[in-house]
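Subject: Structure for your files

Hello,

Here is the structure you were waiting for. Notes on what was found in it follow below.

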Amino acid sequence: MGQTAADMFDYDQIWTSVYGDIQRLGPVHRHMRRLLTKLLNRIEFRSVLEIGCGPGTNVELLCRGRQIERFTGADISPWALEQARQRFGSLGQFVELDIERSHLDDVWDLVFCSLVMEHLPQDQAALEHMRAMAGRYLLISTMAGNFERYRAWDEKMGHVRNYQVGELEEKLRKAGFRVRESIYWGFPFYTPLVRTLQNHASTDTAHFGLGTRLLAQGLYWLYWLNSSRRGDLLIVLAEV
C-alpha cells in the first residue's frame, strides 16, 4: 500500500487551523446535515461507528431522537479525539484508527463517514475496511466534481480528489456494498459559482468573524435554491 492521509497531512494541525467554524456554520455543512438527516430518518440502527469523527461534530446528528446502544468514533487525530472525549465521552468511546490501513474487530449497524473520502489516497482500501465493520448500512458524504478546477481550495482543505459521477458508487459495489440512494447537491449556486470563487478566497475557515458569519448565513438561504440532483456535494447511502 502507498501513502495514506496520515502520512501526507498533520490532522492535529488541520483541525485547529483549517477546520473549526466552517464545520458548524458553513452553509454547505448545514445543508449537508439537513440532507443526511433525511436519509438517517429512513433507516433503523442501534449502533453507530463514525469514521473521521473529529472533535465530535456529528455526534448529536447521529444520536438525536434515537435509542443508540453503542456509539464509537474513530479518527487519526489524537487532538480531535481528545476533544471528542471531553465533550461526549459519556455517550461512547473514541479510538484512533487509520481507516486506509486497518479496521476494528467489531460490527455496527451503521458506519457513518462524512467528508473523509476526499482526503484518502487509498479510498478503495478504506471502503473495504468499512465493509468489514458495517452490519447493515454505510452512509457517506464527500465531494464530487472537477478536482483540477477547484484544486487551490481542495488542497487547502487537505483533499486529494473529487469523485466523478458514479465513481464512488462503483467503488462501493466493488467493496461489497449495494447502493441504495445517491444525492448530488449544489447546482448552480454552490457548484460551480461559489466553488470557483473559493479558489481565490483568503477567508479563515477555522474562525469566522462577523462578516464571514453574515456571508455564510446569506449563502445558506441562497443554497435552498440548489438542486439535489446535480452538484458537487455527494451523499450515498449503501447497505450490505
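What is the order of the seven strands in the open sheet? The order is 3-2-1-4-5-7-6, and the pairing is mixed. Strands here are DSSP runs of E of at least two residues, and helices are runs of H or I of at least four, both numbered from the N terminus. Two strands pair if DSSP finds at least two bridges between them.

Before the rest, some ground rules. This is a predicted model, in which local features need pLDDT of at least 70 and side-chain atom pairs count only at pLDDT 80 or more, while totals for chains, interfaces and linings use all residues. Residues are numbered from 1 along each chain as its sequence is written, and side-chain values use heavy atoms, with hydrogens and water left out.

The sheet has strand 3 (93-96) and strand 6 at its edges, each pairing on one side only. From one strand to the next, the twist averages 15 degrees. Strand 2 (residues 70-75) and strand 3 run parallel and are joined by four bridges. Asp75 has Glu96 in strand 3 as its bridge partner.

Strand 4 (residues 108-114) contains Phe112. Phe112 has 0% relative accessibility and therefore counts as buried (buried is under 20% relative accessible area, exposed over 50%, partly exposed in between, with a 1.4 Å probe and protein chains only). Leaving aside neighbours within four places in sequence, Phe112 is in contact with Leu36, Leu49, Glu50, Ile51, Asn58, Leu61, Leu62 and Leu139 (contact means heavy atoms within 4.5 Å).

In helix 10 (residues 189-198), the buried residues are Tyr190, Thr191, Val194, Arg195 and Gln198. They line one face of the helix, because they fall within an arc of 115 degrees seen down the axis of helix 10; the arc is that of the directions from the helix axis to the C-beta atoms. These buried residues pack against helix 4 (27-40), strand 5 (134-143), helix 8 (151-156), strand 6 (178-185) and helix 11 (210-222).

Helix 4 and helix 11 also pack against each other, at an angle of about 40 degrees and with axes 8 Å apart (axes are lines fitted to C-alpha atoms, for helices over the stretch in contact, and angles run from 0 to 180 degrees between N-to-C directions). The two helices are therefore oblique to each other; angles under 35 degrees count as roughly parallel, over 145 as roughly antiparallel, 65 to 115 as roughly perpendicular and the rest as oblique. Pro27, Arg30 and His31 in helix 4 meet Ala216, Gln217, Leu219 and Tyr220 in helix 11.

Regards
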